[in-house]
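Please read this briefing alongside the sequence and the coordinates. The topics are the contact between two chains and the fold of one of them.

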Amino acid sequence: MATASEYMVLSSVLFAVGFVGFTLRRNILVMFMSAELMLNSANLNLIAYSTEWGNPTGQTFALFVIAVAAAEAAVGLAILMLLFRARATVSAADWRRLKG
Amino acid sequence: MDLVAYLAFGTLAALTAYRAAKSRAMPHVAIWGAASGAFLIAAVWGAFRGISSFHDFLFYLVALVCVVSAVRVISQPNPVHSAVWLVTVFLCVSVLFILRRAEFLAAVQVIIYAGAIMVLYVFIIIFVDVEVTGEEPAPLWMTASALGLAAALLVALVPVALSLRPVQSAGVIRAGYGTTERIAEAVFFNATAPFEAVSLVLLVALIGAVLIGKAEKE
């Protein structure tokens with residue numbers, strides 16, 4: 001069986017990929033998808049160490065993370081629709097004035 | 001039980017080999033051939049070296065596919081392609097959950113992530129219907145600092161991950177560890193208040209999404 005360390009390395013790589021996507025892409029949809037990647041890498045870590053300790057609390061937590069990710073996707077995409085309706089673009093670069 | 005897994009992989013190897021033989025375009029032959037080879041190696045490896053080594057091989061295979069798909073998610077200009085690659089990542093993570101004995105979470109991952117959340121994404125992509133024009137690339141300083149930060153993250157995390165000793169109790173987990181029954185016990189006996197809080201969060205998010213997304217009356 002692959003050790004928990006190897007799962008943690010994989011989850012670090014996934015998190016780094018998600019981070020690069022979130023910072024470099026301008027398309028808001030792809031930025032959300034990168035956030036999902038990062039959430040998944042966190043879940044992977046939780047599951048790996050939950051089994052390592054034989055304690056299902058980690059799995060409970062991963063379940064909550066999935067629920068919160070669903071809430072985040074629903075609200076985030078609703079906001080995206082609102083932005084799109086105001087100005088027909090999904091590029092974060094076109095919304096620079098939101099910086100204030 | 002193990003035999004079923006090896007036979008399934010052998011069948012997959014045969015099917016993908018057939019697909020490779022029928023393909024015309026060279027890249028398709030290469031991709032299907034590589035998939036067939038991987039499945040064949042997994043089946044033979046498992047049959048000769050036992051289930052534990054089969055799990056190891058499967059882990060490395062799925063981890064590779066997972067990382068490659070994740071890179072494709074962030075490098076596709078078309079968000080629909082990104083979404084499809086993201087589904088691949090979710091399925092790979094679900095396989096890793098099964099390898100880690102979290103069967104219930106694997107099912108939840110497929111149903112909620114690969115199912116519900118991705119359908120939501122694809123609906124929004126259809127709704128916004130933007131033309132796929134290659135977005136302007138990020139400025140050089142931004143690319144450099146993002147890649148640098150990601151590299152720093154890996155440099156910080158990977159040695160820590162590799163230095164962690166395996167826990168003594170590893171491998172002595174109870175039978176039926178990741179089943180619905182055990183997760184239900186853990187959620188409803190030990191985490192009742194967080195569970196209620198999360199259901200409230202979902203309800204508020206639902207109402208909020210409807211309110212935000214509602215078309216305004218002129």
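This is a predicted model: local features need pLDDT of at least 70, side-chain atom pairs count only at pLDDT 80 or more; totals for chains, interfaces and linings use all residues.

Residues are numbered from 1 along each chain as its sequence is written, chains are lettered from A in the order in which they are written, and side-chain values use heavy atoms, with hydrogens and water left out.

**Interface of chain A and chain B**

- Chain A puts 67 residues in contact with 80 residues of chain B, where contact means heavy atoms within 4.5 Å.
- About 6900 Å² is buried between chain A and chain B, and carbon and sulfur atoms give 76% of that area; buried area is the accessible area (1.4 Å probe) that two parts lose on being put together, summed over both.
- Twelve residue pairs, both members at pLDDT 80 or more, are in polar contact across the interface (a pair of N or O atoms within 3.5 Å; within protein, one must be able to donate a hydrogen and the other to accept it, and residues adjacent in sequence count only if both atoms are side-chain atoms).
- On the side of chain A that touches chain B, the elements giving two or more residues are helix 1 (4–24), helix 2 (28–53) and helix 3 (57–86) of chain A; helices are DSSP runs of H or I with at least four residues, numbered from the N terminus.
- Helix 3 of chain A gives the most to that side, with 21 residues.
- By class, that side of chain A has 47 nonpolar, 14 polar and six charged residues, with Gly counted as polar.

**Salt bridges**

- Over all chains the structure holds two salt bridges (a side-chain nitrogen of Lys or Arg within 4 Å of a carboxyl oxygen of Asp or Glu).
- One salt bridge is found across the interface of chain A and chain B.
- Glu52(A) and Arg100(B) meet through their side chains in a salt bridge, at 3.0 Å from N to O.

**Chain B: fold and confidence**

- Chain B has eight helices and zero strands.
- The radius of gyration of chain B, taken over C-alpha atoms, is 22 Å, whereas a compact globule of 218 residues would have one near 17 Å; the globule rule is 2.2 Å times the number of residues to the power 0.38.
- The C-alpha trace of chain B spans about 70 × 55 × 35 Å along its principal axes.
- The average pLDDT of chain B is 86, and 92% of the residues score at least 70; pLDDT is the predictor's confidence in each residue, from 0 to 100.
- Confidence in chain B is lowest in helix 2 (residues 26–49), at a mean of 84, and highest in helix 4 (residues 79–99), at 93.
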